[in-house]
Amino acid sequence: MIAFAPLGGAVAQDKPAPSAAAPSGPLAVSGRIAGDEARARLVLEFDRKPEFALHYVREPVRIILDLPRTAFGIHPDDLKPRGLVKDIRYGAMSEGLARLVITADKPAGVAHAEVTPIEGGRFRLVVDVERVDASAFAKLVAGQDWAATIGTQKTDRVQPLDAVGANKSSGPFVIAVDAGHGGIDTGAIGVDSKVLEKNVTLGFAQALAKRLNDLPGVQAVLTREADEFLSLSERVQIARQKGASLFVSLHADTVKQADIRGATVYTISDKASDHLAASLAERENLSDAVAGLTLTDEPAEVADILIDLTRRETQAFSINLARSIVSSFEGQIRLINNPHRFAGFRVLQAPDVPSILLELGFMSNKEDEALLLDTAWRDKVADRIADAVGRYRAVVAANGG
């Protein structure tokens, strides 16, 4: 019997971490893949029997394998994509859900998927993927049941509120600190250390939140506090529900030119300031697709209205914050040329929260990478951002904000 499902992603770069397994969840102890342009077999071995659910996503073609909370002790080299499989990514989606995403460049489906016991008390999951025609794949996508998955609640971080971002004038000045990437979305990889961007940004976010909480009247909240996946819209929603007056998203990307280095501050715009900004925004906006989520953007005309009308005043505050950070960094933290840039970053689209995306540096540059791993430098950056936020608040208060 043929059972099909969507998977999609990029080669997971997490190093084996058996100790990360929760007592209640399985550990994937090994993995391997074989195949050609027509078919592929994925084999995963677990320390206990895993439940799984399969789904499909189009554009690009992805087969998604949902698992209960799972620790992956698999070496990245063991699951390098080949043949039909162009990309593989795996990791946490939420506290109770893990996901493995297979990307193919042509329509494909799961011909067979089965868990069997093997010696040593372990269990083997075999997933056979093969090429199908476009009409067969369309039927798979249309006929699937997304409710039949492991853990129907993807995240418990976002809860409905009576009033999103309730009265910001009462209580502390709330700043949402967003650690870019997380879980299945590993982000960039250090050129020398092979450190994952998701871990770098979480460390910076925690340090920055601690420093901001030292400021009188300020409360910093983290969009994520652990290695978990959050969609771009969830990050924005969490900030708004927490009543945030500022949103700061932290990243440490890679670029093809290894000599490019320094921090960059981005604000949102429907047109990018330059090619580098456009390229980075395009890549960051794929975070949802990496995890197998479909994009649910508004039509272009609606997005334009949001940017031109709803965000007009908010955008002015965002630019003021960006300029304050650039000023605070000058002479202290290395900046890229033209350090305030702009592009269509989806994570900056909160209509009522001034928002910036801060590229701390580039992990494709050895000097930047070394600094990104230096805790003393990280604390210095946090100090400079806190200084910028303090000056930003003073200006806003002076203008009656």
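Reader: How many bridges join strand 2 to strand 9?
Author: Eight, and the two strands, residues 39-46 and 123-131, run antiparallel. Strands here are DSSP E runs of at least two residues, numbered from the N terminus, and helices are H or I runs of at least four. One caveat: this is a predicted model, so local features need pLDDT of at least 70 and side-chain atom pairs 80 or more, while totals for chains, interfaces and linings use all residues. Residues are numbered from 1 along each chain as its sequence is written, and side-chain values use heavy atoms, leaving out hydrogens and water.

Reader: Which residue is the bridge partner of Leu42 in strand 9?
Author: Val127.

Reader: And what's the strand order in the open sheet?
Author: It goes 5-1-2-9-8, with mixed pairing; two strands pair if DSSP finds at least two bridges between them. Strand 5 (71-72) and strand 8 (108-117) are the edges, each pairing on one side only.

Reader: Switching topic: which residues have the most contacts inside the largest nonpolar core?
Author: Ile175, Val177, Leu212 and Leu250, in a core of 43 residues. A core here means buried Ala, Val, Leu, Ile, Met, Phe, Trp, Tyr and Cys joined through side-chain atoms within 4.5 Å, with buried meaning under 20% relative accessible area (1.4 Å probe, protein chains only).

Reader: Which element gives the largest share of this core?
Author: Helix 9, with nine residues.

Reader: What does Val177 touch?
Author: Leu208, Leu212, Val248 and Leu250 are among its contacts (heavy atoms within 4.5 Å), not counting residues up to four places away in sequence.

Conventions: Buried < 20%, exposed > 50% of the residue type's maximum accessible area, 1.4 Å probe, protein only.
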